[in-house]
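Here is a friendly walk through a two-part model, written for someone who likes cut-offs stated alongside the values. Please keep the viewer open while you read.

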Amino acid sequence: MSKAIALGKHVTGPSGGLTILERLDLEILPGEAVAILGASGSGKSTLLGLLAGLDRSSTGEVWLCGERVDDLDEDGRAALRSGRVGFVFQNFQLLTTLTARENVLLPLELTGTRDAAQRADEALERVGLTARAGHYPRQLSGGEQQRVAIARAYAPRPEVLFADEPTGNLDQVTGEQIIDLLLDLRSEAGAALVLVTHDPRLAERCDRRLHMRAGHLEAGA
Amino acid sequence: MKTWRITLRLLNQDWRSGELYLLASALILTVAAITAVGFFTDRVEGAMARQGGELIAADLALESATPVPATYAEQARALGLETARFIDFRSVVLSDAGPQLVQVKAVDPAYPLRGQLQVRDGLEAPETPTTTGPPPGEAWVEARLLHLLEARLGDEVTLGETNLRLGAILSDEPDRAGALFAMAPRILINETDLAATGLISEASRAEHRLLIAGEASRVERYRSGIATSLPVNLRLIDAADARPEFAAAVERASRFLHLATLVTLLVAGAAIALASHRFVERQTDAVAVMRCLGAPHHLLMRIFILRLLAFGLVASLVGCLIGWLGQLGLSLMLAEWFTTDLPPPSWTPVLVGLATGLLALSGFALPPLFQLSQVSPLRALRRDLGPPRGSAILTVLVAALAMALLIVWQAGDLQLAWKLIAGVLGAVLSLVLVVLLLVRIAGRIAGRARGVWRLGLAALARRPTGAVLQISGLGIGILALLLLAVVRVDLLRAWQENLPLGAPNHFLINIQPQDVEPLQEFLRESGVTAQESAQPRDASADVGATRIDPMIRGRLIRVNARSVSPSDFADPRAERLASREFNLSYATQLQPDNRIRAGSWWSGEDAQAQFSVEEGIAETLGIRLGDEITFLVSGREVSAPVTSLREVRWDSFNVNFFVISSPSVLAAEPATFITSFFLPRDRASLVAELVRQFPSVTVLDVDALLAQVRQVVDRGAMAIEYVFLFTLAAGLLVMYAGIQASLEERQREHGILRTLGTGRRALLTSLAVEFTAAGLIAGTLASVFAGLIGWLLAEQLFGLTLTFNPSLWLFGVLGSALLIGLAGTIATYPLLIRPPLRAIRDAVSGGG
């Protein structure tokens, strides 16, 4: 589903060069749930960005949904992501000027999905927020905002979903509800799930756990 | 379809969430100001032209030395316009006292189309207005002609082959201005008596006029219809041709109005810039998320451009509507000031308003929008990436270009536009540079200060870009308000004082050399003292007078070696000037209402032979400094070089001349004399006495014309003040935008500071310190620029002298510090009363 071969990311700043990822190999299989763990600054978010085609690698190859993304320009990568890749972010990243329902509708409309309205409503119903469909993000709690984000990520029925610290901004109880929802939806949609997390409970429930250390990947238990 | 749906949804939500209020207000205000002034000047200029039409007794006149072909009158009537005609020629009347040279005007019953004739039944009788000329068999004459003829009303005089009864004293004709300096006294007769006089044949020298009046747009249609194919022997005349005083006042009023609009445009432009910057910045996260969700670059661009255009169009339309309502209110307010109905406005201002709105918005918002399309989707994961760094040069260039285009377009005057652009560029550049410097200094001071002072001053220095943007915005806002004070109060007062209550309202012309001294004696005895100065006296003085100037007739025959012939000139005005005699004069001193624009004035009685020429006429006739010009005076050629070009303030109502020489050129030539003086209404009987004692002197009462010009000035001033209300609103909006710009950045910072235990009172004081410092910097800079721009405008554009105004500085510097300190603190106060956690969380999740 997503594959990285000899992946490397180097940046140069005023104080010299810095290697964030070095010769990293990884393959995510269809429908597989993989957790990437690691300390802050270990490069896990950078890896997620590269795997999702949000950023370009310095060396190596990245494959997403069967296509090589590092050959594509930003618009080509956007076209590849459109409708096939979903995202859930730590700080939710809902559009504050749109209601919950309109936030879910957005990716469907961007891909030109025919029954967009119906699918948005279904997605909101699935995350239990039908009653709050007309509310704006600022009128929702953190957990509710993340549920809207999950509905938005799953509504286009993506092949793979990338989640960056999806429970990072939530309390324990809410976090657990979100974990349940993410994994249940993943099973229902049959999509692969790649998530970056500090949360061992969340990692525990994934099929595979990988640890990032200083730009290298180590397989976990 | 998909693009439109998303665009409209985003637009709708932008609006509902209040994101667009600031930008919308700025845009609506700009368009409203432009259209209100557009609509209003459209109508007022129409009405002024019509009222000015009273000076030619019509809205438009066609003049010819032979009868005006009947087709011109038929065409006018076909368009629903009124027509009238008259013939003006010089002849002789006979009475028992002998022959007397007169200026005959034979009018048809429709004359005058605009304005009124004033007649009297006897020398002491009051004036009665009438809108039609004398009946057949009757002649109305000027009072001085009665003296010259030794006749009384009711007597008969002979004109050509017919006798006419003297029916009334003609004290004023609306189109007299054109013949103000005619030498022979006027006799007005009915057109039907003309044939009986046998004076006019095909070959006679006479001035035939066809008068046209009616609805402004039809008159304009008529004018444009005939203007292109007008034969050379026909001349079109409108009010501006009739009297330079009136034209000058109208032109100055419309300059003021345009200036007011331009200032509004500039200030509102700053508000649009600040608001679009903020709007675009707040879209960064949304764009990053949409990029993540797979929206291609071109789709996002399309969505943003459509969103901007749709928003711009709606806001501009609202602006047009408000502009229309604005002019409606003003027109209602001023309706009774006009003797004629205000003509309806055209639709052009709507188009101008829409185009201005879209151009301003595109200029300020498109470059940041293009930058927005470069946002990396990675920003959705990593907020620390910040907004994309676009080319600042591109942003500034596009905005400057849009602004320059708008200024050139709106000013309608390249010189004014150029000065404004240079002024604004200079002001903005210096403002930014000085603000940067002062912000650095504030940072240095902050390093040594303690507590709230450190917090407040450091807040300025920590965000140099934000601070520069904010203080520049505030500075521009204050600058607008101060300029408002300068232009509204000082400039308008200078303009109005130009035409004080004691401005001359009577001209005495045709004074014979031997009458000069007795006349001076008469005036002195009557309390009207002849003076050396042409400066109108204080209004409180009983009677004021000006010096008595010599007037010599001369025809311009050569400029250098090139002989001057009317046919050499394509410009009809130049042709006319070249064909007629000039009124020349000589003087030792420059009149106070004249200004040397090039070269220098001579000194002393025995200065070398030289001429000073009014700059407008010099340009028309192609006369340059240093040229040797030759006049034919009493059959003798008089030559001298042009050593200065003068600007003449025609609307001062003093006696003025296009061409003046040093005494050595013309003092020996035969001359008549002319003077002007102010006579209060209650001393009008003095004129009758003067006419009795000096029958050859012609008294011209220009009170009506003066009142008309004064009305233009007053009306213009009022209209300008009204338009400046828009500027005031724009200024306040910029200040609000400036304060608003920093609110978001502050939110998180205050949350953190309060979490760390900083008390509300300390934060409030630090805010007050920061905003007061910003107000102080902005106010000082704005005062400097307002003073400078005001002075430049007064001197360069309006030819007025502006005095230093200390209250400007007091208000500018201290007032701004106080006002901004207070307004900023109040605006940011709501941030302080929010729970710190919410402040931090909102700041983290905000933006999207």
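Helices (H or I, at least four residues) and strands (E, at least two) are DSSP runs, numbered from the N terminus. With that rule, Val92(B) sits in strand β2 of chain B, which covers residues 82-95. This is a predicted model, in which local features need pLDDT of at least 70 and side-chain atom pairs count only at pLDDT 80 or more, while totals for chains, interfaces and linings use all residues. Residues are numbered from 1 along each chain as its sequence is written, chains are lettered from A and ligands numbered from 1 in the order in which they are written, and side-chain values use heavy atoms, with hydrogens and water left out.

## The two chains

Chain A has seven helices and 10 strands, and chain B has 24 helices and 23 strands. For burial, a residue is buried under 20% relative accessible area, exposed over 50% and partly exposed in between (1.4 Å probe, protein chains only). Buried residues make up 57% of the 221 residues in chain A and 56% of the 848 residues in chain B.

A contact means heavy atoms within 4.5 Å. Among contacts in chain A between residues at least 6 apart in sequence, 68% join residues at least 24 apart. In chain B, residues 24 or more positions apart account for 82% of the contacts with a separation of 6 or more.

Accessible areas come from the Shrake-Rupley method with a 1.4 Å probe, and for residues only the protein chains shown count as cover. Chain A exposes about 8800 Å², with carbon and sulfur atoms supplying 47% of it. For chain B the accessible surface is about 35600 Å², and 59% of that belongs to carbon and sulfur atoms.

Back to Val92(B): together with Leu94(B) and Leu101(B), Val92(B) forms a nonpolar surface patch of about 230 Å² accessible area. Patches are made of residues with over 30% relative accessible area and no salt bridge, where like charges are joined within 9 Å and nonpolar side chains (Val, Leu, Ile, Met, Phe, Trp, Tyr) within 5 Å. Val92(B) counts as partly exposed because its relative accessibility is 35%.

## Where the chains meet

Between chain B and chain A it is about 3000 Å², 60% of it from carbon and sulfur atoms. Of the area that chain B buries against chain A, Arg9(B), Leu293(B) and Leu381(B) supply 23%, more than any other three residues.

A polar contact is a pair of N or O atoms within 3.5 Å; within protein, one must be able to donate a hydrogen and the other to accept it, and residues adjacent in sequence count only if both atoms are side-chain atoms. Across this interface the rule finds four residue pairs in polar contact, both residues at pLDDT 80 or more.

## Salt bridges

A salt bridge is a side-chain nitrogen of Lys or Arg within 4 Å of a carboxyl oxygen of Asp or Glu. The whole structure holds 37 salt bridges over all chains, and the count between chain B and chain A is two. Some of the pairs are listed here.

| Pair | Closest N to O distance |
|---|---|
| Glu74(A) and Arg291(B) | 3.6 Å |
| Asp70(A) and Arg68(A) | 3.1 Å |

Is Asp70(A) buried or exposed? Asp70(A) is buried, with a relative accessible area of 17%, while Arg68(A) is partly exposed at 27%. Glu144(A) is buried at 15% relative accessibility, and Arg132(A) is partly exposed at 23%.

Arg524(B) and Glu521(B) lie three residues apart in helix α16 (residues 513-525) of chain B, so about one helical turn separates them. Arg524(B) is partly exposed at 45% relative accessibility, as is Glu521(B) at 34%.

Note on methods:
Buried area = accessible area lost by both parts, 1.4 Å probe.
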